[in-house]
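Student: I would like to go through this structure and test each label against its cut-off. Can we begin?

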Amino acid sequence: METYPISIGGVTRHVPLIEPLPGRRIPLVEFLGDPELVRAAAEALKPLVPKETEVLFTTETSPIPLTHVLAESLGLPYVVARRRRRPYMEDPIIQEVETLTLGVGEVLWLDRRFAEKLLNQRVTLVSDVVSSGETMRAMEKMVLRAGGRVVGRLAAFRQGTPGLEVAAVADLPVL
């Protein structure tokens, strides 16, 4: 398998190159199971978090460990939007993601009980990789629908041109 070197916060990994769409190859960054990479990315992102942030908001799955370590180091809570409905969800906020870099549409789900944690809060969105920006736009809509205010958008990596302002630590190519 062909790999691509990525570096963040002094940690380097050789990640697989995948082809989610014909003729489009991208490095696949995965934070799950790599505590050293997660800590390095969280430390690199920490200075980019707006000072007024009261809550971090992310999506499952790969950004969760990154957001957890970042939240812990900042002493902040965080909320996670799910990628599928869970049986226990009560009156969830549902938000479609218009397009995804991986060529698959999806829906984000936020249980009303967790949405209430965003009410009247200043929220920073956190992602592992932002490419088109559509997932982050969907996250922002969810925060607004929950009664929160987005004060920042962060990603460990930016890939291509997301079409919205996102503070990132490093850039990834689209090959």
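Student: Why is Glu 2 called partly exposed?

Tutor: This is a predicted model, to begin with. Glu 2 has a relative accessible area of 47%. Buried means under 20% and exposed means over 50%, with partly exposed in between. Therefore Glu 2 is partly exposed.

Student: What makes Arg 25 and Glu 2 a salt bridge?

Tutor: Their side chains meet at 2.6 Å, N to O. The cut-off is within 4 Å, so the pair qualifies. The pair links distant parts of the chain, 23 residues apart. Arg 25 sits in strand β3, residues 24-27. Glu 2 is in the segment before β1. Arg 25 counts as partly exposed, at 28% relative accessibility.

Student: Why is Asp 91 called exposed?

Tutor: Its relative accessibility is 53%. Exposed means over 50%, so the label holds. The side chain of Asp 91 meets that of Arg 112 in a salt bridge, 3.4 Å from N to O. Asp 91 lies in the loop between β5 and β6, and Arg 112 in helix α3 (residues 112-115). They are 21 residues apart. Arg 112, at 28%, counts as partly exposed.

Student: Which label does Glu 134 get, buried or exposed?

Tutor: Buried. Its relative accessibility is 17%, and the limit is under 20%. Glu 134 also forms a salt bridge with Arg 137, at 3.3 Å, N to O. The two are three residues apart in helix α4, so about one helical turn separates them. Arg 137, at 26%, counts as partly exposed. Elsewhere, shared partners join Arg 13, Asp 34 and Glu 36 into one salt-bridge network. The count comes to 12 salt bridges.

Student: How do you know that the span of helix α4 agrees with what it should be?

Tutor: Helix α4 has 12 residues, 134-145. At 1.5 Å a residue, it should span 16 Å. Its end C-alpha atoms are 16 Å apart, so the span agrees. Gly 147 follows α4, with a positive phi near 95°.

Student: What covers the buried residues of α4?

Tutor: The cover includes β4 (55-59), β5 (78-81), β6 (93-97), β7 (106-110), β8 (122-130) and β9 (149-159). Among the buried residues of α4 are Met 136, Met 139 and Val 143. The helix lies across β4, β5, β8 and β9, at about 160° to β8.

Student: What makes β5 and β10 edge strands?

Tutor: The open sheet has five strands in the order β5-β4-β8-β9-β10, with parallel pairing. β5 and β10 (167-172) each have a single partner strand, so one side of each is left without a neighbour in the sheet. The twist averages 25° from one strand to the next.

Student: How do you know that β9 and β10 pair?

Tutor: Five bridges join these parallel strands. Pairing needs at least two, so they pass. Leu 154 stands opposite Ala 167 in β10. Helix α1 (residues 35-45) packs on the sheet, touching β9 and β10, and makes about 130° with β9.

Student: Which residues have the most contacts inside the largest nonpolar core?

Tutor: Phe 31, Leu 66, Leu 70, Ala 156 and Phe 157, in a core of 24 residues. α1 gives the most to this core, with six residues. Phe 157 touches residues including Ile 6, Phe 31, Val 130 and Leu 172.

How values were computed. Residues are numbered from 1 along each chain as its sequence is written. This is a predicted model: local features need pLDDT of at least 70, side-chain atom pairs count only at pLDDT 80 or more; totals for chains, interfaces and linings use all residues. Side-chain values use heavy atoms; hydrogens and water are left out. Helices (H or I, at least four residues) and strands (E, at least two) are DSSP runs, numbered from the N terminus. The expected span of a helix is 1.5 Å times one less than its number of residues. Buried means under 20% relative accessible area, exposed over 50%, partly exposed in between (1.4 Å probe, protein chains only). Contact means heavy atoms within 4.5 Å. Axes are lines fitted to C-alpha atoms, for helices over the stretch in contact, and angles run from 0 to 180 degrees between N-to-C directions. A nonpolar core is a set of buried Ala, Val, Leu, Ile, Met, Phe, Trp, Tyr and Cys residues joined through side-chain atoms within 4.5 Å. Lists of a residue's contacts leave out its neighbours within four places in sequence.
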